Amino acid sequence: MLQLDRVSKSFGAVLALSEVSLSFEPGIVHAICGENGAGKSTLVKILSGQFAATAGSILYQGSPVAIPSSRAAQQFGISVVAQELSVCPDLSVYDNIWLGSVETPFFHKRSTLRARARKVLSQLGQSDLSLDTPVRSLSLGHRQLIEIARALVRNAHTLILDEPTATLSDGEIGLLFKAIESARAEGCAVVYISHRLNEIYALCSTTTVLRNGRLAYTGPTSALSREDLIRHMLGRPSSEMFPPLGKTGREAALTIGRLNVPERIRDFSARVAAGEIMCIAGQIGSGAIDVIEAIAGRAYDASGEVEVGGKRLALGSVERSLGAGVILVSGDRATDGIFLNLSVLDNLVAANLSGLSRGGMLRQAELVKFARASGQKVGIDVDRLKARAWQFSGGNQQKLAFGRLVGCKGIRVLVMNEPTRGIDVGARADIYGLMRSFCDEGYAILATSTDVEEVVGISDSVVTMYRGEVVGRYRRGEADSARIVRDITHPSPEGNGLLS
Amino acid sequence: MDARLSGVLKSRDARPYLVAVPILLAVLAIDHGQGRVLTLSSAFSVLQQFATIGPTALALGLTMIAREFDLSVAGMTNFAGCVAVLCGVQDPLLGILAAGCMGLVVGAAQGFLTIALRLSSVAATLGGLLTLAGAGYVITGNATVGYPRMDVALMVNSPVLAIFSLRSIFALTTFVAAALILAYTRIGRDLIATGSDPQAARVAGVRAGLMVVGVFAVSGFLAATGGALVSYSIAAASPAALTNTLIPAVAAAIIGGVSLSGGRGTPLGIAGGVLLLSMLRTGMSAVGIPPFAQDLGTGIVLFAVALADAEHLRMRFYELQRIGRKRPA
């Protein structure tokens, strides 16, 4: 049996997990829920040996243990399906299933191990999948199943699954549930992390809710109504979080007609007015992100009739999209968002250098003046202009990405993916406020999010997607969480989806 | 075509062997039936070249498979040659042993630094390269050191079964051993996993750090023993003699299908790359093409391979076509 005793974890000044005590009993499926940033993944990483707890202890069969690595976690019978895929594309299915297992002998190609791998795969409904197929050639869903197979094949005492169903089809989810049930029946403690309330009620007998790194609730799932569960997760009425809706203009800022990206999106269309926030809700693989990428000019094989401010935009080039007035504000700050290694000042002025230079030389005084003005507008501490962007919290980094837009000429449309990814609850409200203030100035925002509360709270209109196709469209007031969740997980029966 | 055969032909390992065919045909055409190319002595000569570049290329290639880069191999071959020649006068095996141990230790140290201090392996091994080169000048007193054992020099070079020599047999053995380890053992699997996605490998439970230290140790060992044998074969060691092994080694690894982003490539492919370069050099020499033109030939082959490797080639073509079709407004 695995127990956590007042476990805390901090990253610098940020407390990700605070004095959490839990125990995972054999034969019980234990749900852990919470908003993004509530500390779920930190908890998983502590149990799987990727993070060391700052305080508190982990008890294995009653005695405190240290879990310094994934290998050590395995020795305590802990097996994890991580949220980020950890399959190696250059290895075969077989090698990935047994990768890192302490059971693999020096000469690792054994018929007994092959048989066990095959058994687990057929349990997950993948008996057709050849063990020698390179994982590089498999779809995201299949890769996820291999990751699950890896956890199952290890015969763990504690099986931890962190959002395992995000990329799976309904059929595959059903098979996964059967596999979890049989592991549970054999006495395994299962820790199940999910955003999907339906799954939690179907599968888990105990539920723990984390909020801002603290334990908000732990107890039997049956004693918890859906409303209570959501209230524990949010810790407040959702109305305080989101700014009031603004006034949407009539004139279309962005019109998308028959947008197609091979194998990703089929015939997507939408119309976003100036001052409007439209959210595309969908899970990973739904095509929602691909719409954003295509409009930002980052999908080379995208085709469709897109107009920005009434002018035709030829897709497939970031420069053309920018020229037409479309800019990407990415939630993936590390790769697409801001320059982490540059100073706050450099980030704020990055998109306006030509206006701030004369004869090719930057005018330092102008730069500082400009950066202070845009920093103030988005709520960044302007006395820290010399600090490097990576020293800022996620929320402040996202504000930097907005700050860069201030004063950009000709921009009409902001396209955003996961605008509040990895941002704590407090800063999120600021980001929502910023989004709305940009809209009030006449920008149109097309955003995608996997966070349903966010979609409902922030949008003037919502489009739901499943497997590359639009499922539903809602105006303000029509959309509620339940409908959106149903749309993005259980599409209407007539739509089979592009990728099924 | 048989699906299995077409799979083999499309694999990255097969590439150097496929490229070798037109090159051989071209050399034969230039030879114009004078019989200078397809002889036992040119086969011997190709394998001697193979023995010179091979171990270094394998050393570097293995580190590239692990998503690292061991630039120090060039310095290592030189320095190990000097060590072997200085230590191996009484007993040549002792010289090789000394060189091999030195390679193993220095390699492991570089790997350890890379992991422990989270250095880029290019920076760490560039330091290693310069340090080893400098150390070579120090222990030889900046002069070529002769190796008095001509018997040993003759022995390592004398033909075995007409086309092999002790040196080329050693080189081929290292490739076979590496191929077997990569294909059939847990170590090989973990090495590929580490190169493929180090974080994923770590999460799965692979000791990725240990794999990197190990691959650098093996790389040092291979480069050092290879260098020692080369110095024996020319009965001399000079701190400056072999610096030109790095470029052919990188070229052979890349031609052989080793990916610069790690995780892909096999010893069989690297061997193919080395063989191709050796054939190119020997073939061109045999038909009387001057050395500067030989570099040109190698360059063209490498360029062609780099083009074929470009992952976004299809996207670029698509873009070009589209721009060609209609200019954006």
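Tutor: Start with a term: a salt bridge is a side-chain nitrogen of Lys or Arg within 4 Å of a carboxyl oxygen of Asp or Glu. The model is predicted. Across the interface of chain B and chain A, that rule finds one salt bridge.

Student: What makes the meeting of D90(A) and R264(B) a salt bridge?

Tutor: The N to O distance between the side chains of D90(A) and R264(B) is 3.7 Å. The cut-off is 4 Å, so the pair counts.

Student: What area is buried between chain B and chain A?

Tutor: About 2600 Å², with carbon and sulfur atoms giving 55% of it. R186(B), R189(B) and A204(B) supply 24% of the area that chain B buries against chain A, more than any other three residues. The contact involves 29 residues from chain B and 31 residues from chain A.

Student: Why does the radius of gyration of chain A agree with that of a compact globule?

Tutor: For 500 residues a compact globule would have a value near 23 Å, and chain A has 24 Å, so the two agree.

Student: What share of chain A is buried?

Tutor: Of its 500 residues, 56% are buried, a label given under 20% relative accessible area.

How values were computed
Residues numbered from 1 in each chain as written. Chains lettered and ligands numbered in written order. Predicted model: local features only at pLDDT ≥ 70, side-chain atom pairs only at ≥ 80, totals over all residues. Heavy atoms only, no water. Contact = heavy atoms within 4.5 Å. Buried area = accessible area lost by both parts, 1.4 Å probe. Rg over C-alpha atoms; globule rule 2.2 N^0.38 Å. Buried < 20%, exposed > 50% of the residue type's maximum accessible area, 1.4 Å probe, protein only.
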